[in-house]
Amino acid sequence: MLGYLLRRILAAIPVMGVVALFVFLLLRLTPGDPAAILAGDNATPEQLERIRTSLGLNEPLYTQFFTWIGKLLQGDLGVSLISNVPVLKMISQRVEPSISIALSTIILAIVVAVPLGVIAAWKHGTWIDRFVMGLSVVGFSVPVFVIGYVLIQIFAIELRWVPVQGFRSITMGFGPFFERIILPTCTLSFIYVALIARMTRAAMLDVLGEDYVRTARAKGISETGVLLRHALRNAAVPVITVIGTGFALLISGVVVTESVFNLPGIGRLTVDAVLARDYPVIQAMILLTSLIYVTVNLLIDVAYTLLDPRIRY
Amino acid sequence: MKNIVLDIDNLVVGLGKNPSGQRIIDGVSLQVREGETLCVVGESGSGKSVTSLTVMGLLQKGALVPSGGSVKLVGEELLTATDKRLRQLRATRMAMIFQEPMTALNPVVPVGRQIDEVLRAHTDLDARARRQKILAMMEHVRLPDVERIFASYPHRLSGGQRQRIMIAMALVLEPKLLIADEPTTALDVTTQKQILTLIRDLQRDHGTAVLFITHDMGVVAEIADRVAVMRYGRLVETGTLDSILRTPTMEYTRNLLSSVPSLVPRAPRAETEEPVVLEANELGKVYRERSFLGKTREVAAAKDVTLTLRKGRTLGIVGESGSGKSTVARCIVRLIDPTSGGVRLAGREISDLSRRLLQPHRKKIQIIFQDPYRSLNPRVTVGETIAEGPINYGMPRAEALAKARDLLELVDLPADAVSRYPHQFSGGQRQRIAIARALALDPDVLVADEAVSALDVSVQAQVLELLDEIQKRLGIALLFITHDLRVAAQICDDVAVMQHGRIVEQGPAAQVLTHPQQAYTKALLDAAPGRGWDFANFRPVEVAAE
């Protein structure tokens, strides 16, 4: 297992290398002078020359790449062109809200969706099944921002249970943190509940038709035991796959939610950077996103081997 | 007279809750006594499995519903029992083992824990006592190295070992009734023999009543005390083993017995001097598995296989699963590429031809597969399926479709079947379609890979007859791959016995199957169930030999 983990981590290095190369070339291959792009339309020739020197644009391409990678590995992601703040600092300041929402969303989604899917499959064809499936269609089809505004209207404006928007760090106490994170989490988890419930139901239906489920029933064990110990564990592999890819997709969902709830997260940081053509920030965000994808994929594969003893690498 | 353990009286099981709906089981009455084995025989769709699942209360809820009669287990009515009571009875009073040991065990739970579940659900034993009981039971079903197997996952065990685990699981609480639903059908003959012996011995030791479901008359002859024949959800007749095999009273039972191919090879046909159409010379296939760190593991699926087949003759390749017989068939047809040796088709070496150069030779050799439910594309009409080959070789569409109609008539199907889809046909009819498809290219050689193994005996007999007739009419050469020595005895002129990828014995069928020279061939013949009976003539073989 440890050997496998090590091999997979080693195999992730070239993947990240290719991403880094792409990110590096992004700026260099964009038509026109990178310095001019970076400096914007109203730059003076002196400013351009300064940027050129600071980025080493007068050096050969490969020297530039290795210099850039070298800095990258030391945690130097460059400096924002707009705010002149180091990119690493910008990201670290805004990573907490995003990570909080992403994690709480995925946890809430799993806790709600997996039981729903299991019950729907168990009660296949009944009104419970149809209700869960109907819910999942709604979850898929209603846009995130609509759900967000509806929840704000009900729970923040009408009932006044929670603040309308904003974020408090968990270091300032769990209460304020929780009441500000709960609505964004519910909003974002809607679509993941729909997705995971649907997948769990489908996987469970497959498994419930298997011979070993019949064997389990023939042993006279309780229905809960049949469902949880025998069926769910076998249905877990496709469900984990969806949860994993879903988590990676969360990154795009986070952007909308952060805007609706006015949260200072990395989703909005990315959007702002793209709109302002703040290249160092965009580069850093692409690298960060890829790193998350690669890590999640690795975790999914590790989960497979833990869930199914037949899968060995 | 021993006590009655299972008493099924006038059982009716209908499709869905509607009382006037179709009856899957229609008035079946059976009794099984302590220490007795009742074999329920019948072809697919006869309702034998539904009967057993009804007893266990394992029918799919809402789809099949018992609507009449009674099922009593040691005097207790089961049809009206609550779910809770049924759960209590399962594994303690009645237990069941299933056909597919490969899928009947949960793949993600170690087998020891799967047996343990039975004990945890039904006893108050502590962990240590349970473990000891399980290990003892595993030894009782003659599993080796029980400590290791206890902690193993199912995929680490062989089919026979898994079926032993199933039996251990079923019998660990010493139930009064054991239902065995085709428990040896998926196993090789030698393993089958061991499992049948095991069930017999355990039954003798514990006085268990056994309801044994099978389609195989050979197995019936090995294990039954009494036999019940079922068809279309009704009981055809019941009787002692001897009376059913010797003096069946019903027409259907007589036909069923007559369809069982005899182990005694058919009268040999005269040797011919027709040209050799197919030769395999020292054919080999090695699979290489390379792990991530570069260690290569080699598995030889076939080694030094040499075969010769003349026009109009039938050569059988027999062997157990994993013996390499299908690998050889697929190498010969070039569905997979052999790694060594050669294949000569009508005098032309084809083993090293590229895919493109092979194209004109493909039509000379065609293959029929085992499972007619999966080998035909469900979304393509039968006519298109048959005509596709000739059209690929340049025949005009209309002509190819006309040919498809002729071929369907040749295989005894109506010509208008061309416009229908595979799901509209039964298994036997689908296999006829597969044969018509193979014949559409006018091949010199037809390879039948377990082509009758998935069929009921009566249908099997018809398809074998059809193949024989087609061979006579078209002079085609037949390479017949089978695990079933009875089938081989009835259709093959020559037989090659394979084990571990090699041919261990080869010669005329009459010689190999009656006077085997090699130990393995002898063991195979010895394990063939019901070898003591000449079913078709309703008498034991000794009498036939006199």
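**Note on a predicted two-chain model**

1. Thr214(B) sits in strand β8 of chain B, which spans residues 209-214. The model is a predicted one, and the remarks that follow should be read with that in mind. With a relative accessible area of 2%, Thr214(B) is buried, and its side chain comes to 3.0 Å from the backbone nitrogen of Asp216(B). Once residues up to four places away in sequence are set aside, Thr214(B) touches Cys39(B), Val40(B), Val41(B) and Gly42(B), and also Lys48(B), Glu182(B), Val219(B) and Val220(B).

2. Which residues touch the most other members of the largest nonpolar core? They are Met138(B) and Leu177(B), in a core that counts 94 residues. Helix α6(B) gives the most to this core, namely seven residues. Leaving out neighbours within four places in sequence, Met138(B) is in contact with Ile115(B), Leu143(B), Val146(B), Ile149(B), Phe150(B) and Ile165(B). Another core, of 52 residues, lies apart from that one, and includes Val318(B), Val382(B), Leu407(B) and Cys492(B).

3. Two residues of chain B deserve a look at their backbone angles. Glu174(B), although it is not a glycine, has a positive phi of about 50 degrees, and is found in the loop between α6 and β7 (177-181) of chain B. Tyr232(B) likewise is not a glycine and has a positive phi of about 50 degrees; its place is the loop between β9 (226-231) and β10 (234-240) of chain B. Is Tyr232(B) buried or exposed? Its relative accessibility is 59%, and because the threshold for exposed is over 50%, Tyr232(B) counts as exposed.

4. Turning to the interface, 26 residues of chain B are in contact with 20 residues of chain A. The two chains bury about 2,200 Å² between them, and 60% of that area is on carbon and sulfur atoms. Between chain B and chain A there are 12 residue pairs in polar contact, counting pairs with both residues at pLDDT 80 or more. On the side of chain B that touches chain A, the elements giving two or more residues are α1 (48-56), α3 (111-122) and α6 (159-171) of chain B. The largest share of that side, five residues, comes from α3(B). By residue class, the side of chain B that touches chain A divides into 17 nonpolar, five polar and four charged residues.

5. The count of salt bridges between chain B and chain A is two. One of them joins Arg229(A) to Glu117(B), with the closest N and O atoms 2.6 Å apart. As background to this and the next points, side chains of opposite charge can pair when their charged atoms come close.

6. Over all chains, the count comes to 45 salt bridges. In chain A, Asp301(A) forms a salt bridge with Arg8(A), and the closest N and O atoms are 2.3 Å apart. This pair links distant parts of the chain, for Asp301(A) belongs to helix α12 (residues 279-307) and Arg8(A) to helix α1 (residues 2-29) of chain A, 293 residues apart. Asp301(A) counts as buried at 17% relative accessibility, whereas Arg8(A), with a relative accessible area of 25%, is partly exposed.

7. In chain B, the side chains of Asp526(B) and Lys193(B) meet in a salt bridge at 3.3 Å, N to O.

8. Asp534(B) counts as buried at 9% relative accessibility, while Arg539(B) is partly exposed, its relative accessible area being 31%. Elsewhere, salt bridges that share partners join Arg266(B), Arg269(B), Glu271(B), Arg313(B), Asp468(B), Lys472(B) and Asp493(B) into one network.

Methods
Residues are numbered from 1 along each chain as its sequence is written. Chains are lettered from A and ligands numbered from 1 in the order in which they are written. This is a predicted model: local features need pLDDT of at least 70, side-chain atom pairs count only at pLDDT 80 or more; totals for chains, interfaces and linings use all residues. Side-chain values use heavy atoms; hydrogens and water are left out. Contact means heavy atoms within 4.5 Å. Buried area is the accessible area (1.4 Å probe) that two parts lose on being put together, summed over both. A salt bridge is a side-chain nitrogen of Lys or Arg within 4 Å of a carboxyl oxygen of Asp or Glu. A polar contact is a pair of N or O atoms within 3.5 Å; within protein, one must be able to donate a hydrogen and the other to accept it, and residues adjacent in sequence count only if both atoms are side-chain atoms. Helices (H or I, at least four residues) and strands (E, at least two) are DSSP runs, numbered from the N terminus. Ala, Val, Leu, Ile, Met, Phe, Trp, Tyr, Cys and Pro count as nonpolar, Asp, Glu, Lys and Arg as charged, and the others, Gly among them, as polar. A nonpolar core is a set of buried Ala, Val, Leu, Ile, Met, Phe, Trp, Tyr and Cys residues joined through side-chain atoms within 4.5 Å. Buried means under 20% relative accessible area, exposed over 50%, partly exposed in between (1.4 Å probe, protein chains only).
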